[in-house]
Amino acid sequence: GDRVVVHYGRDRDAAQQTLASLEGSGHAVIGGDLGDPVEAQRVVEEAVAALGSLDILVNNAAVAPSAANAHRVDSASYAEWQAAWSAMVSVNLLGASNVTMLVAQHMIERGSGGAIVNVGSRGAFRGEADHPAYAATKAGLQAFGQSMALVLAPHGISVTSVAPGMVATERQSAKLESEQGDSIRGQSPFGRVGSPEEVADAVAYLTSPTAVWASGTVLDLNGASYFR
């Protein structure tokens, strides 16, 4: 029953496919680089204009780990290190914080409460040897969410995070189909990785009115592959 604004960074075709998969009407697609503070503000303003008001924010945009942006401290060049940190901090942490600030102020002004969910990572707790900037930004995002939970609760706005492990997305398909696949699936005693639907169901619950009392929570979604 929700109307949804689908944000994309570069791939408008994929965003349009997502839009087409949504039931109902009144949805919108908005593009923009959230790593740019000016663009982040424009995206939020256009989202508010498209829907009239925002009740839910899901901070899912991120520069994700890949072979191209690996930056192990024992093998990366200084230029590779700087590039990875700059890209990941600007989107994963600063972009999410800027969007959250703007949406939260909109929700406060509207006075009807709301819900914010950050998509963090298991890597925030266990570390990421090849992508330390990714782990650090996701840890920062989850801590930021808890800070926001304290401030926004009096306004009826809940703030939570989910921390998925490996998820069977299109981006991970090559890795899961490679020689590493069995080892990755073996990290969980279930012998598999998570599904996008499992993460989506958790986010849907955390944005529901019945989950307000979970505000401040970081929900692990890793199939018992890592405990903290």
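Helix H3 lies across strands S3, S4 and S5, and its direction is at about 175° to that of S3. A further helix, H8 (residues 196-206), also packs on the sheet, where it touches S3, S4, S5 and S6 and makes an angle of about 165° with S5. These features are drawn from a predicted model.

The sheet itself is open, with four strands in the order S3-S4-S5-S6 and parallel pairing. Its edges are formed by S3 (56-59) and S6 (218-221), each of which pairs on one side only, and the twist from one strand to the next averages 20°. Between S3 and S4 (residues 114-119) there are four bridges; Ile56, for instance, has Ala115 in S4 as its bridge partner.

Turning to the helices, the axes of H2 (residues 37-51) and H3 (residues 78-110) come within 9 Å and cross at roughly 35°, in a right-handed sense. On the H2 side the contact is made by Pro37, Ala40, Gln41, Val44 and Val48, and on the H3 side by Asn98, Val99, Leu102, Val103 and His106. Seven of these residues are nonpolar and three polar, with no charged residue taking part.

The largest nonpolar core holds 19 residues, and those with the most contacts inside it are Leu54, Val99, Val103, Ile116 and Leu152. At least two residues of this core come from each of H2, H3, helix H5 (132-152) and strand S5 (157-164), with H2 giving the most, six residues. Leaving aside residues up to four places away in sequence, Leu54 touches Ala47, Val48, Val103, His106, Met107 and Arg110. A second, separate core has nine residues, among them Val117, Val119, Val162 and Val167.

Notes. Residues are numbered from 1 along each chain as its sequence is written. This is a predicted model: local features need pLDDT of at least 70, side-chain atom pairs count only at pLDDT 80 or more; totals for chains, interfaces and linings use all residues. Side-chain values use heavy atoms; hydrogens and water are left out. Axes are lines fitted to C-alpha atoms, for helices over the stretch in contact, and angles run from 0 to 180 degrees between N-to-C directions. A crossing is left-handed if the near helix is turned anticlockwise from the far one by less than a right angle, and right-handed if clockwise. Contact means heavy atoms within 4.5 Å. Ala, Val, Leu, Ile, Met, Phe, Trp, Tyr, Cys and Pro count as nonpolar, Asp, Glu, Lys and Arg as charged, and the others, Gly among them, as polar. A nonpolar core is a set of buried Ala, Val, Leu, Ile, Met, Phe, Trp, Tyr and Cys residues joined through side-chain atoms within 4.5 Å. Buried means under 20% relative accessible area, exposed over 50%, partly exposed in between (1.4 Å probe, protein chains only). Two strands pair if DSSP finds at least two bridges between them.
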